[in-house]
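User: Hi! I'm new to this one. Could you walk me through it?
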Amino acid sequence: MYVWGGVLVVTEVLPGIFQIKVPLPNSPLKELNTYLLKGKDKHLLVDTGFNMERCKQALLAGLREAGAALKDLDFFLTHVHADHSALIYNLVNDESVVYFSAQDAEVLNEAVNPRYSLRIDKILLKNGFQKPLRPLAASQRFFDKNRELNFYLLNDGDNISVGDYNFTCLLTPGHSPGHMCLYEEEKKFILSGDHVLADMTPNITIWLGKKDPLGEYLHSLEQMKKLPVVLALPGHRSLITDFEYRISELQLHHKNRLNEVESILQAGSKTAYEVASFMKWDLKNISWEEFPVMQRRFATLEALAHLEYLFLRQKVDKKKIKETIFYCRC
Ligand SMILES: [Zn+2]
């Protein structure tokens, strides 16, 4: 048993499947659940951690504890976010296969370009955010831009077998454009990444070139709900034994959020930034103005995802005054 900070970090959650917890320094998420799936010749590691030495050391210790060597690993990345994908650059060798959805591989290629975050900043400024925004692209420093990786690109419905398990790759867009889950149909369990989490609501934000991320998320949640699942292995926090019920809770959360956004606009037109400032967040007794810039960015982009969902369904309208976009119930 390997522990750091008194916390058990390696657990065999199913026969031949080890959950290895990797710390996420300076992240409110605190840690990532990676999963080692042991095979005959090669093993599969699902998700990796930030590209930081502390993450790598914790992961290597976990692998040792689970009896696997780094050189024998192939990798599967559930999605593009740095806490799941960025350490990959520090783990691969010439023999490793890195499975990744074709859609998120494309996002990764765009996101490492500094112009990507400038375009996101532009969206924020148009939606009421005031300068200074923050030091640019905090998450990008976690990627190793100097190293090209050849991904094995996956599409919805592709199959991966490891040990006694046969997985179907399920495209579940929303949290990221190409988020993927691994579903074991016969044994009725799923590696759910950040699509369905037990103790927190996956953040739904705006992506360049994607019109309706919340609509896509709600659609893929509905698809997931139809699957017989007795256990979900998520990317953070606790395992999920009531998958269908948890999905219903997430659906209800967004329904309430959409109602909240609509009622905020009842008092008059507002920018996405202003709408976000009126929404309920876990602010830990600090005011919206004291909320760190990064958190305000996330909140505004999340408000925007909800506003655009409503706009596309003709529930709210928007107008541009000078360079700023205002949403209204007009
Ligand atoms: Zn995550």
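This is a predicted model: local features need pLDDT of at least 70, side-chain atom pairs count only at pLDDT 80 or more; totals for chains, interfaces and linings use all residues.
User: What order do the strands of the open sheet have?
Analyst: Residues are numbered from 1 along each chain as its sequence is written. The open sheet has seven strands in the order β3-β4-β5-β6-β7-β8-β9, with mixed pairing (two strands pair if DSSP finds at least two bridges between them). Helices (H or I, at least four residues) and strands (E, at least two) are DSSP runs, numbered from the N terminus.
User: Which strands stand at the edges?
Analyst: β3 (10-14) and β9 (151-154), each with a single partner strand, so one side of each has no neighbour in the sheet.
User: And how do β5 and β6 pair?
Analyst: Strands β5 (residues 31-37) and β6 (residues 43-46) are antiparallel, over three bridges. L37 is opposite L44 in β6.
User: Which strands does helix α1 touch?
Analyst: Helix α1 (residues 53-66) packs on the sheet against β3, β4 (17-23) and β5. Touching residues have C-beta atoms, placed from the backbone, within 7 Å.
User: Switching topic, at what angle do α6 and α8 pack?
Analyst: Helix α6 (residues 243-264) and helix α8 (residues 293-312) pack at about 85 degrees, with axes 10 Å apart. Axes are lines fitted to C-alpha atoms, for helices over the stretch in contact, and angles run from 0 to 180 degrees between N-to-C directions. The two helices, α6 and α8, are therefore roughly perpendicular (65 to 115 degrees).
User: Which residues of α6 make the contact?
Analyst: R257, L258, V261 and E262 of α6.

Terms used. Angles under 35 degrees count as roughly parallel, over 145 as roughly antiparallel, 65 to 115 as roughly perpendicular and the rest as oblique. Two residues are in contact if their C-beta atoms, placed from the backbone, lie within 7 Å.
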